[in-house]
Amino acid sequence: MLTLLGCAPVIKPGASSDPKGFVTNDPAALWPNREVVVCWDRTNGVQFTGAEARIKDHITSQLKWTGVAIKGWLDCPTTILDETNLKPLMWRSAEGIDIANAGDSGYNSDYAQKPVEFGTTGNKSWCPEAANYLDSNCLLNVALHEFGHVVGLHHELNRADLTGEDYCKRQQMRGELNTLQLGVVDRSSVMNECRLIMVNQAGTILPLSWGDLQTIRALYYGPVAYISLPFVDDQEFLLPHMVSLDNLPIKIYGPELTEYQFTWVKPTEPCHQPGHKWSSWLPVSKGINKSDLPKPIASYMDKPVKICVVGRSRQKEQLKSFASSIVVTFDDGESAVSHP
């Protein structure tokens, strides 16, 4: 089965900005010390020195403004399976890899990191102008997209607050496991497959968008309010997210977070749109309970709604233009309590 552009889900449960993005919903999946050490896995004996140098130069030049350092780029040690702090990179021919696969989104502290796998010949549906794929701009665009996954970003087209104009004939997942929406949809993002395909067809370079830069900075420097939905059994694996009123509260958390505010909007509305009424600042220990929901509850039961949250620490406050959000459907029936 071919895997396009690192679709693997997460395994483990600042400046003037308008950050946007679709990101990991687990602070533990961020790289320790804001540093990713990569190495080339040579266990299959494949090496492309020129292409590897181009990837290194492009990735380091693009990510240097995010505050996350990408270091290393040497051959992996023979004990790579025991090195949880290294992110391997490797070349694959036609052995189940199409363009590339990031392995995991973000950092996994419980085991060695899965490698980023790069295809060696590309795919003409993604890179039609790449006569020599290893020398192409398409390779660099694909590599940057995969490194977006490495630092914790997900596919922008899988946000649950998209509108029809964002489809570009791509399948829309309407959510993704263990993810959080930040700000509004970023159509310029390197994580937007529609944009990636368009640029690859033109044979040009797609840099990190302003939203990508600010999203990564916000993830690693915060504060970010994370939203933990009260799932039961395997309900977390079912999309769209169904939440029973009987299972509340919805928990709000985040590194150094002390308080949060929340509001509710229609799925495609921006959280920071004027006129939305936000709650007062509440302690993160409180969570969002049934009594906090807008009245009358019957007006939005069984309909998708976007929960918007901003948090603050003792030093900084998350801007409403950069609110965290998740789209859920509230239900008081058995379908929202447990699924086989």
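**Figure 1. R312, a partly exposed residue with a relative accessible area of 23%, and its partner E259 in a salt bridge.** The model shown here and in the other views is predicted. The N-to-O distance between the side chains of E259 and R312 is 2.8 Å.

**Figure 2. R42 and its salt bridges to E52 and D75.** The search of the whole structure gives 10 salt bridges. In the pair R42 and E52, the closest N and O atoms are 2.7 Å apart. This pair links distant parts of the chain: R42 sits in the loop between strand 2 (35-40) and helix 1 (49-63), while E52 is within helix 1, 10 residues apart from R42. R42 is partly exposed at a relative accessible area of 21%, but E52 is buried, with a relative accessibility of 8%. For the pair R42 and D75, the closest N and O atoms lie 3.0 Å apart. D75 belongs to strand 3 (residues 69-75), and its pairing with R42, in the loop between strand 2 and helix 1, again links distant parts of the chain, here 33 residues apart. The relative accessible area of D75 is 46%, so D75 is classed as partly exposed.

**Figure 3. Helix 3 (residues 193-202) and its buried residues.** The buried residues of helix 3 are E193, C194, L196, I197, V199 and N200. They pack against helix 2 (137-150). At the start of helix 3, N192 places a side-chain oxygen within 3.0 Å of the backbone nitrogen of C194, and C194 is itself buried. After helix 3 comes G203, which has a positive phi, near 75°.

**Figure 4. The second largest pocket, with a volume of about 280 Å³.** Its lining is made up of 16 residues. Those that lie nearest the centre of the second largest pocket are L219, Y220, Y221, G222 and P255. Helix 4 (residues 210-221) contributes the most to this lining, with three residues. By class, the lining residues of the second largest pocket comprise 10 nonpolar, three polar and three charged.

**Figure 5. Two cis peptide bonds, one between G222 and P223 and one between L248 and P249.** Most peptide bonds are trans. Omega is about 0° for the bond that joins G222 and P223. P223 is found in the loop between helix 4 and strand 8 (226-228), and G222 is among the residues nearest the centre of the second largest pocket. For the bond between L248 and P249, omega is about 20°. P249 is located in the loop between strand 9 (241-244) and strand 10 (251-253).

**Figure 6. R34 and D302, residues with a positive phi that are not glycine.** Most residues other than glycine have a negative phi. The phi of R34 is positive, about 55°. R34 is placed in the loop between strand 1 (21-24) and strand 2, and is partly exposed because its relative accessibility is 34%. D302 has a positive phi near 65°. D302 is part of the loop between strand 12 (282-283) and strand 13. The relative accessibility of D302 is 52%, so D302 counts as exposed, the limit being over 50%.

Conventions
Residues are numbered from 1 along each chain as its sequence is written. This is a predicted model: local features need pLDDT of at least 70, side-chain atom pairs count only at pLDDT 80 or more; totals for chains, interfaces and linings use all residues. Side-chain values use heavy atoms; hydrogens and water are left out. A salt bridge is a side-chain nitrogen of Lys or Arg within 4 Å of a carboxyl oxygen of Asp or Glu. Helices (H or I, at least four residues) and strands (E, at least two) are DSSP runs, numbered from the N terminus. Buried means under 20% relative accessible area, exposed over 50%, partly exposed in between (1.4 Å probe, protein chains only). Contact means heavy atoms within 4.5 Å. A polar contact is a pair of N or O atoms within 3.5 Å; within protein, one must be able to donate a hydrogen and the other to accept it, and residues adjacent in sequence count only if both atoms are side-chain atoms. On a 1 Å grid over the protein atoms alone, a cavity is a set of points where a 1.4 Å probe fits but cannot get out, and a pocket is an open set with protein on both sides within 12 Å along at least five of seven lines; lining residues have an atom within 4 Å of a point. Grid points are joined across faces, edges and corners, and a volume is the space filled by probe spheres set on the points. Ala, Val, Leu, Ile, Met, Phe, Trp, Tyr, Cys and Pro count as nonpolar, Asp, Glu, Lys and Arg as charged, and the others, Gly among them, as polar.
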